[in-house]
Amino acid sequence: MNRQTLLGWSFLSPALMAVVMFFLLPVILTVVFAFTNMSTSTGILGGEYQISESDLRRLPAAGVSNESVEMLAGAGYAVRPETLALFASDFGDERADELDALHGGAVFDDRRAIERALKDLRRDPIRSVRDRKAAAEMFRISILGQRYPTEAAFADAIADIGVPDADRAALTEAAYTGWTFTTQNFELLWELPATWRYAMNSVVYVVLTLAFNVSFGLFLAFSTFYLPTRTAQTFRAIWFLPRILPPVLYVLMWQWLTWDQGFISTILRPFGIEPINWMRHTATHAWTFIVLINGCVGASLGMILFSSSLRAIPETQLYAAQVDGANRWQQVRFVLLPQMRWPILFITSYQTLSLLTSFEYILLATDGGPGRQTEVWALAAYHTALSNYGGNLEYGLGAAYALALVIIGILLSALYLRFFNFRELVAKPRIEQ
Amino acid sequence: MNTSIKGNWILILALTLFSAPLVIMYGFQLIDSVSRPAPGGIIPQEWELTNWRFLWEPIDSARPSIWRVTFNTFVFASTTALLVCAFSITAAYALSRLNFPARRFFLAGLIMLHAFPTITLIIAIFIVLQFLGLYDSLMGVILVKAALELPFGIWIMKGFYDSVPWEIEMAGVQDGASRFRVWWELILPQVKPGLSALLIFSFLAGWSEFILPLVLAPGADAQVLATYMNAVIADDTRPDYGLFKAIGMFYALPVIAIYLLFQKRLMNIYGGGTKG
């Protein structure tokens, strides 16, 4: 390795590490998680093996025979040589011998029954309630409610109570509390009618906002282009602010403008219009304001880019058009606009991708409401995996939502790679030639 | 070309009308933070500073102090900005000027990452942070934010390196300096304006960031102004817009100050960068 390669790698490595950690790994993990049922209840690290009382009812559906279910339910406390030995070491051989004589080989269904037997020992009954409980626990053979950290421990336990071989695999699978690999996320997405609505919402949102962004960005760029510098600068500053104001504050201003005691309601009241929440009253209201809120941010980006490419057009072309008698509209339409093709294409392609995946402003403005009528795909992913009122966050299903966006993102950004003038960009460094 | 005000009154009128909602919102954002409107109205009735009470007393007992939150925000924004700059100046130089294997591949990767919508990865990043034990800590959000801003930073810095004439470097190398020394002593001073623009931009990006702290550090200890303000707004059953706007004003003051100071530079970088 020559010195320059070494320097190149060492200069690149910190950035490379960050990219691997927070881009490549998450992309791969999104794919992996999309094929799991990971959620708050399964946890994200591994799980344990446990059958609880309430699990018994769903076991037959999971392929466990009724015989085994009864075995799990019936098994309680048994006086057996191995449980007796355990008991003897803590509570003395005498008690153990007497218990063996009285109840050897007996099975008790619940704890109270075995505790009564322990209390009724003639020679030396266990009087303390606490001791009795501890002693009863030693005879316990039921695995209900018991946690087993490994599959082997669970297999031993079900073998002990005599679950037939045929049922063990199904039972083990049903007892696992951690996440498992599955394709049910995609089946669910395919079946749910809401999926299609979120997809449609995303399309509506992207198309409307994009149309607003591009047309209004163009309008701002052209109109400020023809104004005296000071006036143009004032308007540009007004339209630039939405871009740099923190989103939380920017959306708060819109909330104030539209809430039922806000600006719009107040100035319309003298005209006999009932105060309503203009942003959340109906889906149409919500969409209008979502497009406006996003549009004002997007239009300012359009304005900046379009303005700078307008300034790059030689003014002589405009003078020539003026001499030929073109009015201002004709100048814009036939001289300026045709030269803006690339910036317009760039803004359109870039914002399609970023609008499709961003949900920040919608989250702050309507949170998908009213109902779920402004819930776009990206917001649905967020709600499913990271914030819902039910409390059980479904990481797996959310990742399946996100996976669709990740795939679109990779495809479109690979496509944009061709738009850029790639060959010029990678021109070889000149020093060594 | 006619650029007088008189000759363009229709355009100015149209622009004024379209800008009116924004101007009204900015205006009342200022007014409402230091006044109380008449009940059921919007005209300010009394000038007062009670909306700013959050600065000297907690709004309610469960909330961390505003100064703690402001400190967190400052640490978050400035550390992010420094990390982005530190990683960008080296990586961008390597991509712009050094000839090493796989350079083309990294450049293609950079362009793709630059366009790739990182927010889609948030679910996986959330789980990665839990694995790493960095969930709900300021450190975790800082690392994630810096990493996500990095493609943009490298992209911008590469642009600045590309515009430095090769002759400077050639001269340095011919005089016997190592490539590292050439970079440190000759090239880096040339890209200082770009570096400061990137520093300001990343600081603002960190200062305004909302989704990442919301998802990755929801606890009270790592709260930043964006999540603090959002929580105050979300908790209130009867909205107190005077208070909200005062908090918002406090939150936005550094942003507005930076904007007024570095307007030109920011316009350039926002034009070159393509976030949102």
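Two residues are in contact if their C-beta atoms, placed from the backbone, lie within 7 Å. This tour applies that rule to a predicted model.

**Stop 1: the two domains of chain B**

Select residues 6–48 of chain B, which the domain assignment gives as domain 1, and then residues 59–272, given as domain 2. The centres of these two domains, taken over C-alpha atoms, are 33 Å apart. To see where they meet, look for four residues of domain 1 of chain B in contact with six residues of domain 2 of chain B. On the domain 1 side, helix 1 of chain B supplies the largest share, three residues. That side has two polar and two charged residues, and no nonpolar ones.

**Stop 2: chain B against chain A**

Next, display both chains. Their contact involves 81 residues of chain A and 85 residues of chain B. Select residues 9–33 of chain B: this is helix 1, which gives the most to the side of chain B that touches chain A, with 12 residues. By class, that side of chain B comprises 64 nonpolar, 17 polar and four charged residues.

**Stop 3: two helices of chain A**

Finally, select residues 193–225 of chain A, helix 10, together with residues 341–357 of chain A, helix 17. The axes of these helices lie 10 Å apart, and the helices pack at an angle of about 145°. Their crossing is right-handed. Residues to highlight in this contact include A:Tyr205, A:Leu210 and A:Gly217 of helix 10, and A:Ile347, A:Gln351 and A:Leu355 of helix 17. By class, the contact of helix 10 with helix 17 in chain A has eight nonpolar and seven polar residues, with no charged residues.

Key. Residues are numbered from 1 along each chain as its sequence is written. Chains are lettered from A and ligands numbered from 1 in the order in which they are written. This is a predicted model: local features need pLDDT of at least 70, side-chain atom pairs count only at pLDDT 80 or more; totals for chains, interfaces and linings use all residues. Helices (H or I, at least four residues) and strands (E, at least two) are DSSP runs, numbered from the N terminus. Ala, Val, Leu, Ile, Met, Phe, Trp, Tyr, Cys and Pro count as nonpolar, Asp, Glu, Lys and Arg as charged, and the others, Gly among them, as polar. Domain bounds come from an automatic or database domain assignment. Axes are lines fitted to C-alpha atoms, for helices over the stretch in contact, and angles run from 0 to 180 degrees between N-to-C directions. A crossing is left-handed if the near helix is turned anticlockwise from the far one by less than a right angle, and right-handed if clockwise.
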